[in-house]
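Have your viewer ready and follow along.

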Amino acid sequence: MTAPSQPLLEIAGLKVQFGQTKAVRGIDLSVMPGEAVAVLGESGSGKSVTGKAIMGLINRPGRVEGTVAFEGRNLVGRSERDLAAIRGPGIAMVFQDSLDALNPVYSVGNQIMEILTVRLGWDRGRAREEAIRLMEQVGIKEAETRLGDYPHQFSGGMRQRICIAMAIALKPRLLIADEPTTALDVTVQAGILRLINALRQESGMALLFVTHDLAVARQVATSLVVMYAGRVVERGKIDEIFARPSHPYTRALLASNPGAVAHWSQLQPIAGNPPDKATKVTGCAFAPRCPRAEPRCRAEAPELRDVMPGRQSRCHFAEEVAHV
Ligand SMILES: Nc1ncnc2c1ncn2[C@@H]1O[C@H](COP(=O)(O)OP(=O)(O)OP(=O)(O)O)[C@@H](O)[C@H]1O
Ligand code: SF4
Ligand SMILES: [Mg+2]
């Protein structure tokens, strides 16, 4: 166990490369015990790869560099046996697509019970009781009757609830949720977000919530990490970033997000595309799309640096951007 003042998870210089594809170019982020952190970035920015790298799920030919310290111990390069012991009670993950995460040929009850019998050595009777309790806890009605149903007999939202039940079965200290609501309609999405908030309040588990939606991030998290082209470009308290973004990319995201602006007429899509993942970036990766770019931006890569108390930004002109 970590002391409350020490990060539960501390990632430094995380890089993930698949052949020539630089999926993650150097991520630094930390999650304190019980803290809820949202990771935000557009499609392809390396969010899922970061989540999988934390879980030790990047397979060859993927290459991982840097450190992922969980409760003070680096997980990068650890044996599969060590990682398997941490997955579940230490860190659990809810994946982007519940259909991929569940096994179609086993009933959902069996899949939840198996975690408890295999990992905790419980007998089937005890595991069955707990599986019912977990299904009820995530809001599945008539859980006892539905225990024998197969994944395809549940709606997308209900399947995502079952994935959450499986993820929390071993009471993880950190839950990584990778866009768990992206495929769902808005009402179902709101229910899942309320469920995640309620589970956190009951158990005190920390949350790393991956999303491309600023409005969703704000509903579950107190801290925000903004990713662009495989790197962190801004991080800090979410409300403070909303009130005063200090990176032009965050500012552009705020202006392009329907949930974050006061009126549809204020929406501004971000023009252009992120840099090619096989190319080495010289200078600032956002420069080709940045309305604030100057010659210095193309020549000199900005570092992620402190720009005000509790805030970091990877922009040469962060202070000016924050005071526009
Ligand atoms: N196994 C793999 N082999 C090769 N490239 C991969 C692999 N997994 C991911 N990538 C690449 O890494 C980059 C980052 O992918 P990632 O899935 O992390 O994006 P994301 O931010 O989660 O996007 P989305 O919002 O669409 O889920 C992409 O260019 C993707 O094609
Ligand atoms: S460093 Fe320059 S190009 Fe990059 S975000 Fe800041 S102003 Fe824009
Ligand atoms: Mg993803």
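## The largest cavity

Ten nonpolar, two polar and one charged residue make up the lining of the largest cavity. Here Ala, Val, Leu, Ile, Met, Phe, Trp, Tyr, Cys and Pro count as nonpolar, Asp, Glu, Lys and Arg as charged, and the others, Gly among them, as polar. This cavity has a volume of about 80 Å³. Of its 13 lining residues, P248, C284, C290, C297 and C315 are the closest to its centre.

On a 1 Å grid over the protein atoms alone, a cavity is a set of points where a 1.4 Å probe fits but cannot get out, while a pocket is an open set with protein on both sides within 12 Å along at least five of seven lines; lining residues have an atom within 4 Å of a point. Grid points are joined across faces, edges and corners, and a volume is the space filled by probe spheres set on the points.

## Ground rules

This is a predicted model, in which local features need pLDDT of at least 70 and side-chain atom pairs count only at pLDDT 80 or more, while totals for chains, interfaces and linings use all residues. Residues are numbered from 1 along each chain as its sequence is written, chains are lettered from A and ligands numbered from 1 in the order in which they are written, and side-chain values use heavy atoms, with hydrogens and water left out.

## Ligand 2

Ligand 2 sits in the largest cavity (more than half of its atoms lie within 2 Å of the grid points). Its shell (residues with a heavy atom within 4 Å) includes H247, C284, C290, R292, C297, C315 and H316. By class, the shell around ligand 2 holds nine nonpolar, two polar and one charged residue.

## The largest pocket

The largest pocket has a volume of about 560 Å³. Closest to its centre, among 20 lining residues, are M93, I115, R119, M166 and A167. Two or more residues each come from β6 (91–94), α4 (108–120) and α7 (156–168) (DSSP runs numbered from the N terminus: helices are H or I, at least four residues, and strands E, at least two). With five residues, α4 gives the most to this lining. The lining divides into 15 nonpolar, two polar and three charged residues.

## Residue Y228

Y228 lies in strand β9 (residues 223–228). Y228 is buried, at a relative accessible area of 3% (buried means under 20%, exposed over 50%, partly exposed in between, with a 1.4 Å probe and protein chains only). Beyond neighbours within four places in sequence, its contacts (heavy atoms within 4.5 Å) include E42, Y249, F286 and R289.
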